Amino acid sequence: MKLLIIAALAIFYASALSCIFGDVMKIDTTGASEQTARQDKLTVKGVQASYKLAEHDLKRMAQYKNIIMKVGRAKQMDAAVIAAIISRESRAGAALVDGWGDHGNGFGLMQVDKRYHTPRGAWNSEEHVTQGTEILIDSIRAIQRKFPNWPKEHQFKGGISAYNAGVRNVRTYEAMDVGTTGNDYANDVVARAQWFKRNGY
């Protein structure tokens, strides 16, 4: 029994330490906007709406969980954040037609924009999730350079916002989501990530 507890704690701490960009559970968030919540005809908005949207995607997300966890470990990115972006961008694939979304511009689960990147791999592959995660990491690092005095978790959140609307769109911490899709991108993704973190990611 003692060995089982030690093993469980080792796994917990390994996953907690695996993300070098900060702890998503420490990031403040206002959650989903009313506009985003309307996707699922929710009567709530904010963090509770983000939780509901993530929950609605959980069953579909399960088929990609092994890929998400593997890429998260390889790239030292929190798997819950990868899952949250997949939930937000493609509803775990449900919003895609033949792997494409955003009027044919966004590719795959993480909606890699063909106007700025050359999509790699199949739309639901490890190669695709790796590419999307690398783009996220590049965004976070660009925010770290732009705002070197921000706390780690603020830079992390800023990078999530930049994944959607670009580094130039992030001007202040408080208003980083102004100009993102639904004006709530990072806040919604962070809230979804916190939900996924509590539910096995």
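**Contacts and overall fold of the predicted model.** Of the contacts in the protein with a separation of 6 or more, 56% are accounted for by residues 24 or more positions apart, a contact being heavy atoms within 4.5 Å. This is a predicted model, in which local features need pLDDT of at least 70 and side-chain atom pairs count only at pLDDT 80 or more, while totals for chains, interfaces and linings use all residues. Residues are numbered from 1 along each chain as its sequence is written, and side-chain values use heavy atoms, with hydrogens and water left out. From the N terminus on, the elements run α-α-α-α-α-β-β-β-α-α-α, where helices (H or I, at least four residues) and strands (E, at least two) are DSSP runs.

**Aromatic pairs, with Trp195 and Phe196 in close-up.** Rings of Phe, Tyr and Trp (its six-membered ring) pair if their centres lie within 6.5 Å, with planes under 30 degrees apart counted as stacked, over 60 as edge-to-face and the rest as tilted; by this rule there are 6 aromatic pairs. The rings of Trp195 and Phe196 have centres 5.5 Å apart and planes at 85°, so this pair is edge-to-face. Trp195 counts as buried at 11% relative accessibility, and Phe196 is buried at 0%, where buried means under 20% relative accessible area (1.4 Å probe, protein chains only).

**The cluster of Phe147, Trp150 and Tyr173.** Ring pairs link Phe147, Trp150 and Tyr173 into a cluster.

**Lysines over aromatic rings.** A charge sits over a ring if NZ of Lys or CZ of Arg is within 6 Å of the ring centre and within 35 degrees of the ring normal. The charged end of Lys65 sits over the ring of Tyr201, 4.9 Å from its centre, and Lys114 lies over the face of Trp100, 5.7 Å from the ring centre.

Conventions:
Buried < 20%, exposed > 50% of the residue type's maximum accessible area, 1.4 Å probe, protein only.
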